[in-house]
Amino acid sequence: RLVLDYLSLENFFCEVRSDVLTYLMGIFLKHHTFDHVPNMLRKYALSKTENGSVESCILCKLVLQFDNIEYTEFLNKLLSKPSFNPESANMVRLLLGATKASQKHRFETSKFGFRILCTAVDSLRISQFESGKVANSVSELLLEIMKHKDVVTIKERDIARLLSQIACSLDSIGKLSSNECKSEFFSLSCALVTSLVQRFPKQLCVCVATMTITLQKFFQFILMRVGPEEETSPIKAGRDLARLCEMLVAHRDVFKKHINGIILEFVDALGDNLEPTRKKAVAPSVYFLLEMVSEHEVNHLNSLLDPTGRAVFQSFYDGFKKRHIYKGT
């Protein structure tokens, strides 16, 4: 009764702190049926889709109890802006998982699948010059979208667009001052592209050129980063990249003629006294690329190198043949 009296106060929602309201929402959802939740609280849930200040998991539980019209209105507001903020991206991610688990509002969510995907990809582009936090939350959302083929249909053009945005973001994410943020975004981006290789191999093979450029950006991110950082950072990034390159070995016939440029950049870096830590981080990924090429591509590589470069490459290639044994994905 006391809680209901508070909710009826004029300008309550303008004055109360969001964490207090989150607590009140939790009380209603834990101890009462949805019929007991006041209309004012429902309206508040709709109003907060713009800035996402309410705890997302509590709001998600409330929204799932909406009828179809209210749920559709909520999604319309959530997707009304051209990009996601961290809270709204997290909200959509939770809704996708919840609708899969409960089967509730699955059809309504599927009608918004294309808008969700487009907004997420655009957010990754816009976030280049804003905050790594936005990029990371959107990357997590895109990883969740990959798991819901029946809700969000992903076509070749969507994959090409997504790969292009990841490549652009990797170029600009280096402007951020936080090394931790850079590494987290790199890891999520690798996981995202790896998920594309696993779940959409046929569509990805249509986007070979875009995929090659994105892969090149991954290598450049590790090879060319400058400034103080933890020694474990390039090693961890190297593991993520090696996992992606290992997945591509199964598609060697598609990619083998497109990866020579990446190997050449690595050889140039070796010739310029690449730091041992970075060489150790990138070497496993380059091994998987060499696993993909045939003798013809190796001869082509040698023809593009000067005498010094050929000596550097031959030394590395001999080490590859001695040490690397591909065991499959």
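In this predicted model, the side chains of R161 and D122 form a salt bridge with an N to O distance of 2.5 Å, where a salt bridge denotes a side-chain nitrogen of Lys or Arg within 4 Å of a carboxyl oxygen of Asp or Glu. The two partners come from distant parts of the chain, 39 residues apart, with R161 in helix 11 (residues 156-172) and D122 in helix 9 (residues 113-126); helices (H or I, at least four residues) are DSSP runs numbered from the N terminus. R161 is partly exposed at a relative accessible area of 31%, whereas D122 is buried at 17%, given that buried means under 20% relative accessible area, exposed over 50%, and partly exposed in between (1.4 Å probe, protein chains only).

By the same rule, seven salt bridges are counted. One of them joins the side chains of R243 and E246 at 3.9 Å, N to O, and both residues belong to helix 15 (residues 232-248), three residues or about one turn of the helix apart. R243 is partly exposed, with a relative accessibility of 37%, while E246 is buried at 17%.

A further salt bridge pairs the side chains of E297 and K257 at 3.5 Å, N to O. Because E297 lies in helix 19 (residues 295-304) and K257 in the loop between helix 16 (252-255) and helix 17 (260-271), this pair ties together parts that are 40 residues apart in sequence. E297 is buried, with a relative accessible area of 3%, whereas K257 is exposed at 59% relative accessibility.

Residues are numbered from 1 along each chain as its sequence is written, and side-chain values use heavy atoms, with hydrogens and water left out. As the model is predicted, local features need pLDDT of at least 70 and side-chain atom pairs count only at pLDDT 80 or more, while totals for chains, interfaces and linings use all residues.

Terms used. Helix = DSSP H or I, 4+ residues; strand = E, 2+ residues; numbered from the N terminus.
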